[in-house]
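Okay, everyone, let's get going.

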Amino acid sequence: MLTLAIIKPDAVRAGLAGKILAHLEAAGFAVRAARLVKLSPAQAEAFYEVHRARPFYRSLVTFMTSGPALALALQRADAVAQLRKVIGATDPADAEPGTVRKLYAESKEQNAIHASDSAETAAREVAFFFPEAELRELGGSR
Ligand code: CMP
C-alpha cells in the first residue's frame, strides 16, 4: 500500500530532508517515487482544498509555497496509519517523543511533514504528485 508524504519547506530549508527520509526508511517505508517541488499558489490551494474555510488556510498556502518541498510516495504494509504514527500529532508540542514532528518540527503550521490521512486521500494525493504509469514502472502497487 502507498501513502503520500511531503517533507515541507521548513524542513527542506533547515537541511533536514535527508534525516527525515532516513527516519522514514528506518521505520520500514520504501520510497517508490520522489520529487522536489516548488508548489505554485494554485497547486497548494488545490492540494489543501479541504481546509479552504479554515482560518489558517491563507497562511498555510503561503508557507507551502515558500520554498522547495520533497513529495514522496511511500510503500509498506498499512502505510497510511503507520506513517501517521511515525510523524506524530499535527502540533509538535502534542507529538509523542521520537516522532518526526517532535524531533524536527517548529510549530503547528511549520510542522516539517505532511502525511495522507486515509486510504482515499492517499490515492488522491499520490496521484496529485505522481502519474500512475511512473509508479508502476518503479514497482509500486496500490
Ligand atoms: P498537514 O498534515 O499538512 O495538514 C494540514 C496542515 O495545516 C497541517 O499539516 C499544518 O501544517 C496546518 N495546520 C493545521 N492546523 C493548523 C492550525 N491550527 N494553525 C496553523 N496551521 C495549521
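I'll start with the lining of the largest pocket: by class, that's 6 nonpolar, 6 polar and 9 charged residues. And just so we're clear, this is a predicted model. The pocket comes out at about 540 Å³ in volume, and 21 residues line it. If you want to find its centre on screen, look for Tyr48, His51, Phe56, Thr90 and His114, which lie nearest to it.

So which elements supply at least two residues each of that lining? Those are β4, residues 113–115, and α7, residues 119–129. Of the elements, α7 gives the most, with 3 residues.

Now, keep Tyr48 in mind, and let's move to the aromatics. We have 5 aromatic pairs in total. One of them is Phe47 with Tyr48, an edge-to-face pair with the centres 5.0 Å apart and 90 degrees between the planes. Are those two residues buried or exposed? Phe47 is at 2% relative accessibility, so it counts as buried, and Tyr48 is buried too, at 5%.

Next, Phe128 and Phe129. Their ring centres are 5.0 Å apart as well, and the planes sit at 65 degrees; edge-to-face needs over 60, so this pair gets that label.

The charged end of Arg76 sits over the ring of Phe29, 5.5 Å from the ring centre.

Last stop, helix α5, residues 79–87. Which of its residues are buried? Ala79, Val80, Gln82, Leu83, Val86 and Ile87. As a reminder, an α-helix has 3.6 residues a turn, so residues three or four places apart point the same way. You can check that spacing against the buried ones in α5, for instance Ala79 with Leu83, or Leu83 with Val86 and Ile87.

What do they pack against? Quite a list: the strands β1 (2–7), β3 (69–75) and β4, and the helices α2 (17–26), α6 (100–104) and α7. Then, just after α5, Gly88 takes a positive phi of about 85 degrees.

Okay, that's my tour. Over to you.

Technical notes
Residues numbered from 1 in each chain as written. Predicted model: local features only at pLDDT ≥ 70, side-chain atom pairs only at ≥ 80, totals over all residues. Heavy atoms only, no water. Phe/Tyr/Trp six-rings, centres within 6.5 Å; stacked < 30°, edge-to-face > 60°. Buried < 20%, exposed > 50% of the residue type's maximum accessible area, 1.4 Å probe, protein only. Lys NZ or Arg CZ within 6 Å of the ring centre and 35° of its normal. 1 Å grid on protein atoms, 1.4 Å probe; cavity = no way out; pocket = protein on both sides within 12 Å on 5 of 7 lines; lining within 4 Å. Points joined across faces, edges and corners; volume = space filled by probe spheres on them. Helix = DSSP H or I, 4+ residues; strand = E, 2+ residues; numbered from the N terminus. Nonpolar A, V, L, I, M, F, W, Y, C, P; charged D, E, K, R; others polar. Contact = heavy atoms within 4.5 Å.
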